[in-house]
Amino acid sequence: MTTEPQRLQYLEAMGLTAWVARYQLPHARPTEACEWELPERPAASPPAERLHALLDEADSAARQAPSGPPPAEPPRSTPPRRARQMLGISPSSEEAPPTADETVSPAEAKPPQQPLRFVLQVACLSGRWLVIVPQVAPLDANQVQLLTNLLKAAVIVIEQPPAFEAYRWPPMENLPVEAPLEEAREGLQAFVEGTRRRGWSPERVLVFGRDDTLERLLDIREGRVELLGLPGWQGPALAELAQSAAAKRELWPTLLEWRRAWSKQDSEADD
């Protein structure tokens, strides 16, 4: 005797749609109840076991693959060996040692860049000539007096003695740095540009003292400060000039040039 479930299975195998009544018609015989035997689903294996199976399949496929030139662009998926390492599985004796591309080393990350560090004492003569002294400590009274005497010898008349202020780089610590030299240059340019709001309008740059970092920043070549696009001069430090008579004598031709440049700019301003 064919039961209802078997009949439905036969119809399904023959490709015929089986219709089952949903509602009981009036005065109709009730549909016989039957027990449906659903096939049992196989229990899902844990994710780790499935991953192990996939890794084993990948290894077997790699061994059976024909030898030939490697593709131009290898797939970027995680290699089986890398996945085994992530799972903490020791490689088998048949596996080759990991290549450089399959290992992750902390040295791959570039070490953080260190910023350039320097301190400048900066002043502006009557808002026109920028004076830069590369030193950490503020100028003492003897250095200020010497600078004033040099300006008088060059017939450069200023209303007030130069007032220096310190400019430090970097402005803050523990900031990320990508290009130390370029960032320091941009910072110094921004500082000079910001002083225009206080009435500074630099026309020339005078640098008293030698400093490797400052020379890299300003890039003084053939009497011109390339960073600021202004004429420039760099000579001995004020402390050296104060103690050396020979340095003062060598500076005398430069003072004459300063006099001509200052008076020329005065006449151009009057015109």
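This is a short tour of a predicted model, stop by stop.

**Stop 1: the largest nonpolar core**

Start inside. Select Trp-129, Ile-156, Phe-208, Leu-238, Leu-241 and Trp-258. Of the 25 residues in the largest nonpolar core, these touch the most other members. Now colour by element. β1, β2, α4, β4, α7 (238-243) and α8 (245-270) each give two or more residues to this core. Which element provides the largest share? It is α8, with six residues.

Next, centre on Leu-241. Setting aside neighbours within four places in sequence, Leu-241 is in contact with Leu-146, Leu-150, Phe-208, Pro-236, Ala-247, Lys-248 and Leu-251. Another core, of 23 residues, lies apart from the largest one. Trp-169, Trp-200, Val-205 and Leu-217 are among the members of that other core.

**Stop 2: Trp-169**

Select Trp-169, in strand β3 (residues 165-169). Is Trp-169 buried or exposed? Its relative accessible area is 16%, under the 20% cut-off, so Trp-169 counts as buried. Show what surrounds the side chain. Not counting residues up to four places away in sequence, Trp-169 touches Leu-116, Arg-117, Phe-118, Glu-183, Ala-184 and Gly-187. Then pick Leu-188, which is 19 residues from Trp-169 along the chain. The C-alpha atoms of the two are separated by 8.6 Å.

**Stop 3: helix α4**

Move to helix α4, residues 141-153. Use the distance tool on its end C-alpha atoms: they are 18 Å apart.

Look at the start of the helix. Asp-140 caps the N-terminal end of α4. One of its side-chain oxygens lies 3.3 Å from the backbone nitrogen of Asn-142. Then follow the helix along. Gln-143, Leu-146, Leu-147, Thr-148, Leu-150 and Leu-151 are buried in α4. Two of these, Leu-146 and Leu-150, are in contact with Leu-241 from the first stop. After α4 comes Val-155. Check its phi: the angle is positive, near 55 degrees.

**Stop 4: Gln-121**

Jump to Gln-121 in strand β1. With a relative accessible area of 3%, Gln-121 is buried. What does its side chain reach? The side chain of Gln-121 comes to 3.3 Å from the backbone oxygen of Gln-135. Gln-135 is also one of the contacts of Gln-121 beyond four places in sequence. Others on that list include Val-131, Ile-132, Val-133, Pro-138, Leu-139 and Phe-164.

**Stop 5: salt bridges**

How many salt bridges does the structure hold? There are six. Side chains of opposite charge can pair when their charged atoms come close.

- Glu-203 and Arg-128: the closest N and O atoms are 3.3 Å apart. Glu-203 sits in the loop between α5 (180-194) and β4 (204-208), and Arg-128 in the loop between β1 (118-125) and β2 (129-133), so the pair ties together parts 75 residues apart in sequence. Glu-203 is partly exposed at 29% relative accessible area, whereas Arg-128 counts as buried at 13%.
- Arg-196 and Glu-193: their side chains meet at 3.3 Å, N to O. Arg-196 is partly exposed, with a relative accessible area of 40%.
- Asp-219 and Arg-221: the N to O distance is 3.1 Å. Asp-219 is partly exposed at 25% relative accessible area. Arg-221 is partly exposed too, at 48%.

Technical notes: Residues numbered from 1 in each chain as written. Predicted model: local features only at pLDDT ≥ 70, side-chain atom pairs only at ≥ 80, totals over all residues. Heavy atoms only, no water. Helix = DSSP H or I, 4+ residues; strand = E, 2+ residues; numbered from the N terminus. Buried < 20%, exposed > 50% of the residue type's maximum accessible area, 1.4 Å probe, protein only. Contact = heavy atoms within 4.5 Å. Expected span 1.5 Å × (residues − 1). Polar contact = N/O pair within 3.5 Å; in protein donor to acceptor, adjacent residues only side chain to side chain. Salt bridge = Lys/Arg side-chain N within 4 Å of Asp/Glu carboxyl O. Core = buried A, V, L, I, M, F, W, Y, C linked by side-chain atoms within 4.5 Å.
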